[in-house]
Amino acid sequence: MKVTKAQAQANRARIVETASTLFRERGYDGVGVADLMAAAGFTHGGFYKHFGSKGDLMAEAAACGIAQTVALSEGADLARFVRVYLSREHRDARATGCTLAALSGDAARQPDAVRATFATGIENLLAALGAASAPDDAGATERRARYLDVLAHAVGALVMSRACPDDAPLADEILQVCSDSILASLQDLATP
């Protein structure tokens, strides 16, 4: 039975979403093509009908995961973003949490296409949080630097917290200390 174009697109989207979740949960090297396809409900042989390589899927899955974070962050107050991002709930939601925190370390060792996806995603997240401004805005460079600092600080804190055992007091301490520090630094950050 021939698969329609619409069904093929739906199948591809299912594979990408499944990959996005599994990669965030287990890392790029922790998921094989056969396991990924089985989790999506397909056979291993069908993979190459959709993707040229696992690297192609990694880039597309990263874009999917980052787009989810961007959508959730769109128009959010920066302080609220920090509180939610550095929460225990987000920390424990590895498979559905931020792709930047889950996979940036892995992405650094991947092909340019994957790294370019992360760079684009970071730019999109900065824009969603309000770091973008009109070209003639005198404070644009400083504001962008501050937002980038907040984002890097938050991602790093989440990564370090996740690196600790789940029940370790240090895991919670990292989230709390970094959240408090970031929120204190936002007191003098002028909004655009």
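This is a short tour of the chain, from the whole fold down to one residue.

The model is predicted: local features need pLDDT of at least 70, side-chain atom pairs count only at pLDDT 80 or more, and totals for chains, interfaces and linings use all residues. Residues are numbered from 1 along each chain as its sequence is written, and side-chain values use heavy atoms, with hydrogens and water left out.

**Whole chain.** Show the cartoon. You will see 10 helices and 0 strands. Helices (H or I, at least four residues) and strands (E, at least two) are DSSP runs, numbered from the N terminus. Read from that end, the order is α-α-α-α-α-α-α-α-α-α. Now show the C-alpha atoms. Along the principal axes, they fill a box of roughly 60 × 45 × 25 Å.

**Surface and interior.** Of the 192 residues, 43% are buried, meaning under 20% relative accessible area; exposed is over 50%, and partly exposed lies in between (1.4 Å probe, protein chains only).

**Contacts.** Take pairs with heavy atoms within 4.5 Å. Among contacts between residues at least 6 apart in sequence, 70% join residues at least 24 apart.

**Thr-120.** Select helix H8, residues 112–129; Thr-120 is in this helix. Is Thr-120 buried or partly exposed? Thr-120 counts as partly exposed because its relative accessibility is 45%.
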